Amino acid sequence: MKTKYDVAVIGGGIIGCSIAYYLAKENIDVAVFEETQIASKSTRAAAGMLGAHSECDDLEIFYPFARSSQLDYFQLQDELKELSGVNIELRKGGIFQLAYSEHEKDELSATLALPTISWYDCTAVRNRENSVSEDIIGAAYIEDDVNVLPHSTCLAFSKSAQVFGASIFEFTPVLAIQKEDDTYTIKTNKGTFQAKTVVVANGVWSSSFFHQLGLHHTLSPVKGECISVSSEQPLLKHTLFHEHCYIVPRDNGRLVIGATMVKNDWHEQPTLGGLESLIAKAKTMLPTITDLKIESCWAGLRPQTFDKKPFIGYHPEDEDILFATGHFRNGILLAPATGQMIRDLIVKKDVRKDWIEAFKINRI
Ligand SMILES: Cc1cc2nc3c(=O)[nH]c(=O)nc-3n(C[C@H](O)[C@H](O)[C@H](O)COP(=O)(O)OP(=O)(O)OC[C@H]3O[C@@H](n4cnc5c(N)ncnc54)[C@H](O)[C@@H]3O)c2cc1C
C-alpha cells in the first residue's frame, strides 16, 4: 500500500473532499483520511442551502467569499457530473426570506440592499407560492440562493478527486500527527503514513488536533435537527426562510424542514422537543405542512468557532500544517472557496490578504 503523499487531509466531509478535489486537479498527490464514511457527519445532516445572501452578516468578508463560492457551484454542477457521474442536484428557485412585521422588514434592509434582491409584498409572494402563510407582510426574494444535495456534492468532490489521482481512506481515523525532519507522520488504525503537508479538516472534532499542535483553540458543537416530509403534489418551488428556520423543496415533492440550534450538545440524535419546535415554526410559514407525511428526521453537529467565522489558513508557526474547519452554518456554501483557498496557500499562489487575515487561526 502506498504510504507517502504530498498532502494528507484529515476528515472526509465536504470541506476535506473539496480540498482534495482542488489539490488533485492541480496534480498534487493527496490522500484523505476519514474516520467513518465520506459525508457521514455534519455534511450529511445539512439542508444544502447556498445562502450567500440570506446568511450574510458581513458585507466586507463573508459576502465576497461566500458569493464567489456560490457562483462556483453553477459551473461545478456540470464539471463534477462529468467527472464523477454524481448529480449534485443544484436546484434553482431561490429563497423567500419572510417578514411578519415592519420591524422584520427593516431587519432585512441590509439583505435588500445587496445586488439582485427584491422585495415582494404578501400578495406577490402568494402569487408565486400560494400555500405560504397569509400572516406575512412580504419577503425578500433571493433568486441566487439555490440549494444542492450535500451528501451527493461531497461524494461528487471525492470521486472527482479520485479521477485526478487522490486516495480516499475510509474507516481510517487519524490518531496522531507528528513532525520528523521535514515530514509529517500520520498515525492511523491502518498503519503509518507520511506527508509533507497536513490539512486539519475534521469538522467539530478538529479541536483534538489543535491541542496536539500546541494551539489552545476550541470548536463547539451547535446541534441542528431536521425533518423531511413528503407530499404527492409539490407544495413549494422556493425555499422559505425565517429566523434561521427554513423549508427547502427537493425533488419528488419532498420538503426538508430545518434546523434547530442547540449549543454544546454532542449527541447526534434528534429530540422530540427539537422536532416539536421545528414543526411549530414550519407551520407559521406553511400552515398546511402539518398534513404531510414524515419521511425521516436526523441531526448533525455544526462546528462553531469563537466568532462564527471558519479557521482557514496556516498554523501560526508551521506553514506545512493548515486548518480548514469551523464552517458552522455554511460549510456546504463555503466548500468550493475553502478548497481553492487551501490549494492556493499550499502552492503559494496569491490569496486575498483580507481573507487570510479574517480566517487565520490566531486572530483575536
Ligand atoms: C442540520 C444542519 C443543517 C445545515 N444546513 C446547511 C446549509 O443549508 N448550508 C450550508 O452551507 N451548511 C449547512 N450546514 C453546515 C454544514 O453542514 C457544515 O458547516 C459542514 O458540513 C462542515 O463540513 P466539514 O467537512 O467541516 O465537517 P463534517 O461534515 O462533520 O466532516 C468532518 C469529518 O471528519 C471526520 N473525522 C473526525 N475525526 C477524525 C479523525 N480523527 N480522523 C479522520 N477523520 C475524522 C468525521 O467522521 C467527518 O466525516 C448545516 C449543518 C447542520 C447540522
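Because the model is predicted, local features are reported at pLDDT of at least 70 and side-chain atom pairs count only at pLDDT 80 or more, whereas totals for chains, interfaces and linings use all residues. Residues are numbered from 1 along each chain as its sequence is written, and side-chain values use heavy atoms, with hydrogens and water left out.

To the contact between them, counted as heavy atoms within 4.5 Å, domain 1 contributes 27 residues and domain 2 contributes 31 residues. Between them the two domains bury about 2400 Å², of which 61% is on carbon and sulfur atoms; buried area here is the accessible area (1.4 Å probe) that two parts lose on being put together, summed over both.

Two salt bridges are counted between domain 1 and domain 2, a salt bridge being a side-chain nitrogen of Lys or Arg within 4 Å of a carboxyl oxygen of Asp or Glu. The side chains of Arg-67 and Asp-144 form a salt bridge with an N to O distance of 2.9 Å. Helix 2 (42-45) and helix 3 (62-84) each supply at least two residues of the side of domain 1 that touches domain 2, and helix 3 gives the largest share, four residues; helices (H or I, at least four residues) and strands (E, at least two) are DSSP runs, numbered from the N terminus. Sorted by class, that side of domain 1 has 13 nonpolar, eight polar and six charged residues, with Ala, Val, Leu, Ile, Met, Phe, Trp, Tyr, Cys and Pro counted as nonpolar, Asp, Glu, Lys and Arg as charged, and the others, Gly among them, as polar.

By the salt-bridge rule the count comes to 20 salt bridges. One of these joins Lys-2 and Asp-29, whose closest N and O atoms are 2.4 Å apart. Lys-2 lies in the segment before strand 1 (4-10) and Asp-29 in the loop between helix 1 (14-25) and strand 2 (30-33), so this pair ties together parts that are 27 residues apart in sequence.

Gly-93 is found in the loop between helix 3 and strand 3 (95-99). Leaving aside residues up to four places away in sequence, Gly-93 touches Tyr-141, Glu-143, Lys-237 and His-238.

Strand 7 (residues 174-180) and strand 8 (residues 183-188) pair in the antiparallel sense over six bridges, pairing being assigned if DSSP finds at least two bridges between two strands. Thr-185 in strand 8 is the bridge partner of Gln-178. The two strands form a hairpin with two residues between them, and Asp-181 in the turn has a positive phi of about 55°.

Most residues other than glycine have a negative phi, and most peptide bonds are trans. Glu-243, in the loop between strand 11 (239-242) and strand 12 (245-249), has a positive phi of about 45° although it is not a glycine. A cis peptide bond with omega of about -25° joins Gly-258 and Ala-259, and Ala-259 lies in the loop between strand 13 (254-258) and strand 14 (262-263).
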